[in-house]
Amino acid sequence: ACVKNQYDGYVAIDDIKINGALTLGENTADLGGLKLSHLAMMTAMAGAADAAKYKYTPSQQFFYGYAQSWCSKYRDEHARMRAQTDPHSPPRWRVNGPLSNLAAFKDAFQCKDDAPMVRPAANRCEVW
């Protein structure tokens with residue numbers, strides 16, 4: 001219910017909200033997949049060469065890469081149609097939705113508890 005309720009509150013376009021029940025499977029997969037793939041990367045990198053020479057930490061690079069993979073632009077008519085029929089959330093929410101639940105994201109960017117990209121602890125969704 002947590003993931004469904006989270007996405008029910010997001011606006012897809014204009015006054016059309018995401019249908020959290022319709023998109024639940026993909027939203028859950030995004031959240032769990034990000035959590036597990038980030039953990040896998042960090043485990044694989046344990047003991048690897050020092051990352052201090054790079055501008056961004058490995059975790060920051062991971063989350064930037066994920067976000068960039070969802071860059072897109074739709075015409076309003078297409079976005080409206082997709083919001084009502086597509087079992088996938090709009091790209092913006094495929095990024096901001098799951099990342100706002102992840103402690104690893106919060107830690108990677110040293111976000112404060114009240115930052116816009118951090119859901120309040122009582123409202124964070126947890127899977128797997």
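For a disulfide, a pair of cysteine sulfur atoms must lie within 2.5 Å. Cys 71 is also exposed, at 62% relative accessibility. Here, buried means under 20% relative accessible area, exposed means over 50%, and partly exposed is in between, with a 1.4 Å probe and protein chains only.

Before going further, please keep in mind that this is a predicted model, in which local features need pLDDT of at least 70 and side-chain atom pairs count only at pLDDT 80 or more, while totals for chains, interfaces and linings use all residues. Residues are numbered from 1 along each chain as its sequence is written, and side-chain values use heavy atoms, with hydrogens and water left out.

Now turn to Cys 111. Its closest cysteine sulfur belongs to Cys 125, 17 Å away, again too far for a bond. With a relative accessible area of 18%, Cys 111 is buried.

So which cysteines form a disulfide? The partners are Cys 2 and Cys 125, with sulfur atoms 2.1 Å apart, and a search of the whole structure finds one disulfide. Cys 2 lies in helix H1 (residues 2-8) and Cys 125 in the segment after helix H6 (103-108), so the bond ties together parts 123 residues apart in sequence. Helices are DSSP runs of H or I with at least four residues, numbered from the N terminus. The torsion about the S-S bond of Cys 2 and Cys 125 is about -85°, which makes the disulfide left-handed. Cys 2 is partly exposed at 33% relative accessible area, whereas Cys 125 is buried at 2%.

Methods
Helix = DSSP H or I, 4+ residues; strand = E, 2+ residues; numbered from the N terminus.
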